[in-house]
Amino acid sequence: MRITMYALLGAAAVLAGCAGSQAPGADAGGSQAQLMFVQSAEDLRVDAARSTLRLVKVNPQTVYFSDRPQRIAGNLKMADYLKPWKDGRDSFGADPPNATLSVYEPGRAEQTLVVITIMKPVVDGADLLYTYKIVEGTMPANGGATSLFIDWYGVGGGVGPGFHGVGVGRRGVGWR
């Protein structure tokens, strides 16, 4: 049985609306699960002039997970990951997420971390391209093994107005 992110989000939203019951994605205060995502790629190429990054040979499965208390985790096929970018005012397209880019650049022992806002994902063969804006850090021109830690998508309410906590002083990926 194939479960898409929309099926997971929809089921949690429906269960949240049932009187006297608590959705599996809700805590005692009634808040919904916030799914975060991780994408990995063999390589990275950046076109700073166009503000685009290319995840070269990106894994076709995007990992999703939630934080306590729900503990939801799984994988999404690329087509399912891309759906929330297009659907309505609470979509990633309308309110782009922040993400922390973790890159192992050639010749550096330590990873480079850059907090960015990602927009307009486009699949190009085995690659995934994003337009980006830098929030914090310096974007490398290219790199080796790369991971992109993408901020949350909230069940039953989209990504929320203007808050994407990854790397910007909140607990979570990229927090310092």
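## Exercises on a predicted model

A search of the whole structure finds five salt bridges, a salt bridge being a side-chain nitrogen of Lys or Arg within 4 Å of a carboxyl oxygen of Asp or Glu. The model is predicted, so that local features need a pLDDT of at least 70 and side-chain atom pairs count only at pLDDT 80 or more, whereas totals for chains, interfaces and linings use all residues. Residues are numbered from 1 along each chain as its sequence is written, and side-chain values use heavy atoms, with hydrogens and water left out.

### Exercise 1: salt bridges

Determine which parts of the chain the salt bridge between Arg54 and Asp124 links, and how accessible the two residues are.

Solution. The closest N and O atoms of Arg54 and Asp124 are 3.0 Å apart. This pair links distant parts of the chain, since Arg54 lies in strand β2 (residues 52–58) and Asp124 in strand β6, 70 residues apart; helices (H or I, at least four residues) and strands (E, at least two) are DSSP runs, numbered from the N terminus. Arg54 is partly exposed, with a relative accessible area of 22%, and Asp124 is likewise partly exposed, at 38%, where buried means under 20% relative accessible area, exposed over 50%, and partly exposed in between (1.4 Å probe, protein chains only). Finally, Arg54, Asp124 and Asp127 are linked in a network of salt bridges.

For another salt bridge, take Lys83 and Asp80, whose closest N and O atoms are 3.4 Å apart. Here Lys83 counts as partly exposed at 37% relative accessibility, whereas Asp80, at 3%, counts as buried.

### Exercise 2: aromatic residues

Describe the geometry of the aromatic pairs that involve Trp85, and state which residues form the aromatic cluster.

Solution. The structure holds three aromatic pairs, in which rings of Phe, Tyr and Trp (its six-membered ring) have centres within 6.5 Å, with planes under 30 degrees apart counted as stacked, over 60 as edge-to-face and the rest as tilted. Tyr81 and Trp85 form an edge-to-face pair, at 6.3 Å centre to centre and 65° between the planes. Trp85 and Tyr130 form a tilted pair, at 6.0 Å and 50°, which links the loop between α2 (78–82) and β5, where Trp85 lies, to strand β7 (residues 127–136), where Tyr130 lies 45 residues away. Trp85 is buried, with a relative accessible area of 7%, and Tyr130 is buried at 1%. Phe37, Tyr81, Trp85 and Tyr130 form one aromatic cluster.

### Exercise 3: strand β5

### Exercise 4: confidence

Identify where in the protein chain confidence is lowest and where it is highest.

Solution. The chain averages a pLDDT of 73, this being the predictor's confidence in each residue, from 0 to 100. Confidence is lowest in helix α1 (residues 5–16), at a mean of 36, and highest in β2, at 96. Where pLDDT is low, the predicted coordinates should not be read in detail.
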